[in-house]
Structure formats: C-alpha cells, structure tokens
Amino acid sequence: MKIAIIPGDGIGKEVTAEALKVLRAVGARFGRTFEIEPLPWCADYYLETGITIPPNGYELLREFDALFVGALGDPRVPDNRHARDILLGTRFALDLYVNYRPVRLLDERLCPLKGRGPEDVNFVVFRENTEGLYVSVGGRFKAGTDDEIAIQEELNTYKGVHRIIRYAFDFATTRGLTKVCMADKSNAMTDGHALWQRVFREVAPQYPSIAATHYYIDALAMYMVMDPGQFQVIVTNNLFGDIITDLGATFQGGLGMAASGNIHPGRTSMFEPVHGSAPKFAGKNVANPIGAISSVALMLETLGLNDEAEAIDRAVLKAVREGQVTADIGGSLGTTQAGDVIVAAVRSG
Ligand code: NAD
Ligand code: IPM
Ligand code: MN
C-alpha cells in the first residue's frame with residue numbers, strides 16, 4: 001500500500017515520526033510493506049518557496065491509498081494560508097466529507113469528568129467536512145478601516161447534509177449501535193439549519209432500529225460534560241464538530257490523545273491527530289504521540305486492515321495502563337520514548 005505522509009509543522013513532525021515507527025512495526029509484524037512517501041509541504045516550505053501545495057498536488061495525493069498528516073499551523077504564517085491549502089484544501093478537493101472523530105476514554109485516570117470511566121465515554125462524532133462555515137465564501141469590504149464589513153457565509157447543501165447524516169446512521173447500523181444524535185443551532189440559524197432538521201427527519205425513519213435524537217449544539221456541549229454516557233453517535237456540521245471534538249479530546253486525557261479520519265468511503269482518505277502544531281511544545285520532545293498513533297490505527301481500519309489496527313489499539317492501551325506515556329497524561333516519557341514503548345508492544349503482540 002502506498003501512503004503519503006505530510007508531517008507538517010511544530011509537533012506535527014515529532015508525532016508523525018512516532019506514528020511512522022508504529023506503522024512500520026505493525027507492517028513487519030503482519031508481513032505487510034507500506035510504501036511511504038514523505039511530502040515536504042509545511043510552513044518552512046511555503047516560506048522558502050512561496051508554494052503551499054504545488055499545482056498538481058491534489059492529483060498527486062489521489063494516487064495514494066491513504067494520506068497521513070501531522071499538523072499544520074505556524075505563527076510565521078498568521079493567515080494560515082498553507083494550512084488552508086494543504087489541510088482544508090485536501091478535505092475539499094478529495095471530497096473527504098466524513099470527519100470521523102472517536103471519543104474513547106482508555107483509562108479512568110485520564111478523564112477530567114468526576115467519576116467517569118471508559119464505560120461512560122465511548123462515542124463517535126461525525127463532523128461534516130466539506131461545507132458549512134469553512135468554504136471561504138465571503139469577503140472583506142473596506143478592510144482595515146472603521147467601516148470594515150466582513151462576511152463569511154455558511155454553506156449547507158441538501159447533498160452535503162444528507163450524506164453525512166446517512167453515514168452516521170449507516171455507521172451506527174453496521175457497528176450494532178442504537179442511537180444517533182444530531183446537533184445544530186436551528187433555533188437561531190433558522191434557514192441553514194432548517195435544512196439539517198428536514199434531512200434528519202427524512203433519514204431517521206429509514207433506520208427504525210436506531211433512536212434518533214436532537215440537541216441544539218449549546219445544550220449538546222452541556223450534556224457532553226454532564227452525561228457523556230448517553231451518546232453513541234453524534235453528527236453535526238463542520239464548525240460545531242471542530243469545537244466539540246476538542247471538548248471530547250479533553251475527556252480522553254487531552255488533545256494529545258484524540259485521533260481522526262477525513263474519509264470519502266472507497267476513495268483516498270486522510271488521517272491526522274485532532275490536535276494542532278502546539279508551537280509552545282515544538283522541538284522539545286514532550287508532545288504526546290498517541291493521537292497520531294491512534295490515527296494510524298483508524299487509517300488501517302479504514303483500509304480494511306482490522307487486525308493491524310487492533311494491534312495498535314492494544315499497544316496504546318497497554319502503554320496507557322502502565323503509565324509509560326508523556327507528561328500531559330501523567331507519565332514521564334518524552335515523545336520518542338513513548339513511541340518506542342508502543343512499538344515494543346506492537347512487536348511483542
Ligand atoms: P493545538 O492543538 O496545537 O494545541 C493546544 C494545546 O493543546 C497545546 O498548547 C498543548 O497544551 C495541548 N496539546 C496539543 N497537542 C498535544 C500533544 N500532542 N501532546 C500534548 N499536548 C498537546 O491548538 P492551537 O494552539 O490552537 O493551534 C496551534 C496551531 O495548530 C495553529 O496554527 C492552528 O491553526 C493549528 N491547528 C492545526 C490542526 C491540524 O493540522 N489538524 C488542528 C488544530 C490546530
Ligand atoms: C482541525 C483543525 C482545523 C479545522 C484548522 C487547523 C483549520 O482545528 O482539524 O480540527 O478547523 O478543521
Ligand atoms: Mn480543531
């Protein structure tokens with residue numbers, strides 16, 4: 001299998017190195033060769049060459065079986081242009097409409113919610129990933145003056161809303177789950193989110209064995225904290241999904257723990273930790289590599305390599321249970337040492 005790797009910026013580079021070590025270890029253990037192609041696109045590359053992603057970049061990415069990204073974002077690029085082209089651009093150009101973000105607590109010790117354990121925190125968020133407020137439709141008029149007008153439109157299409165809601169129900173069905181919760185802000189956004197309401201009401205009855213519920217996004221944020229155990233599958237729009245998955249990451253032990261996939265079923269998909277480039281930690285060998293490593297597991301699962309994915313998940317769980325982890329989750333290891341522990345556990349099965 002051919003896999004493109006974009007380490008990106010800051011701690012993205014460091015966690016990607018660990019994720020790659022784990023990918024190679026799992027390949028060796030299961031007798032699979034992964035053909036890895038590193039791609040240099042990042043803030044340094046942009047600042048040196050003026051190129052964010054080359055003109056044939058998205059075409060090139062389509063040639064791979066999967067893509068892995070560390071993180072993109074650098075204070076020297078304040079308008080985030082390179083991240084917009086490389087990360088958001090790939091989500092749009094490859095039509096990766098499913099942002100799959102599991103929220104799974106591995107050990108009670110890691111959860112900041114009082115009295116909550118792994119049985120209470122185990123759900124997935126499906127974030128619509130190709131439209132919403134992310135489409136860059138809008139502009140600024142009289143920018144920089146006291147008369148400035150800034151417009152950024154939220155785009156909701158029947159096709160876009162329908163396919164992510166349907167995906168959430170299909171996922172619940174194939175995983176033997178019984179509940180799907182849709183979150184929007186249709187009480188205030190009475191046009192755009194009326195479409196979410198309409199589609200949800202249209203799709204839900206086609207899945208009679210699944211209990212379909214709805215919360216406004218503000219209430220959902222509250223219920224996530226108060227009673228996370230009620231959720232199995234949450235489906236929401238692009239921006240709300242971004243926000244609630246950082247919240248969900250804290251339930252898992254912090255941003256260093258959360259994994260994600262940007263998926264178009266059956267096509268080249270992209271996997272990345274939920275966290276960003278964490279500039280304050282960059283180059284210090286302190287970043288937690290588990291979000292990145294678990295994203296490799298999601299990648300392998302999506303490629304149909306379930307045994308390989310499970311081997312990684314087991315190795316991560318073992319490292320967490322034994323406290324052989326980085327400081328953000330209570331250990332004392334550096335990024336590379338934490339990666340080594342997981343590599344060793346993958347090798348020994
Ligand atoms: P961030 O996720 O980079 O970091 C926020 C804080 O979370 C960090 O300061 C750190 O305390 C903690 N953290 C994050 N990852 C960690 C890890 N692996 N181990 C331990 N602690 C970790 O968010 P930010 O500071 O808002 O953004 C920094 C840059 O990253 C920005 O340029 C932003 O746009 C970008 N970003 C990129 C992605 C992506 O590439 N997918 C995601 C989020 C943010
Ligand atoms: C994420 C990130 C990105 C997003 C940023 C870097 C544009 O926060 O993947 O969660 O908002 O989608
Ligand atoms: Mn985010």
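This is a predicted model: local features need pLDDT of at least 70, side-chain atom pairs count only at pLDDT 80 or more; totals for chains, interfaces and linings use all residues.
**Ligand 2**

The shell around ligand 2 consists of R91, R101, R127, Y134 and D242. By class, four of these residues are charged, one is nonpolar and none is polar.

| Residue | Distance from a polar side-chain atom to an oxygen atom of ligand 2 |
|---|---|
| R127 | 2.7 Å |
| D242 | 2.8 Å |

Taken alone, ligand 2 exposes 320 Å², and the protein buries 77% of that area.

**The sheet**

Ten strands form an open sheet with mixed pairing, in the order β2-β1-β3-β12-β11-β4-β5-β10-β8-β9. Strands β2 (35-38) and β9 (211-216) are at the edges; each has a single partner strand, so one side of each has no neighbour in the sheet. On average, neighbouring strands are turned by 20° against each other, with direction ignored.

At one end of the order, β8 (residues 179-184) and β9 run parallel and are joined by six bridges. Here K179 stands opposite A211 of β9.

**Helices on the sheet**

Helix α6 (residues 192-203) packs on the sheet, where it touches β5 (122-128), β8, β9 and β10 (233-236). The direction of α6 makes about 160° with that of β8. Helix α8 (residues 238-251) also packs on the sheet, in contact with β4 (98-104), β5, β8 and β10. The direction of α8 makes about 155° with that of β5.

Methods:
Residues are numbered from 1 along each chain as its sequence is written. Chains are lettered from A and ligands numbered from 1 in the order in which they are written. Side-chain values use heavy atoms; hydrogens and water are left out. A residue is near a molecule or strand if one of its heavy atoms lies within 4 Å of it. A polar contact is a pair of N or O atoms within 3.5 Å; within protein, one must be able to donate a hydrogen and the other to accept it, and residues adjacent in sequence count only if both atoms are side-chain atoms. Accessible areas come from the Shrake-Rupley method with a 1.4 Å probe; for residues, only the protein chains shown count as cover. Ala, Val, Leu, Ile, Met, Phe, Trp, Tyr, Cys and Pro count as nonpolar, Asp, Glu, Lys and Arg as charged, and the others, Gly among them, as polar. Two strands pair if DSSP finds at least two bridges between them. Helices (H or I, at least four residues) and strands (E, at least two) are DSSP runs, numbered from the N terminus. Axes are lines fitted to C-alpha atoms, for helices over the stretch in contact, and angles run from 0 to 180 degrees between N-to-C directions. Contact means heavy atoms within 4.5 Å.
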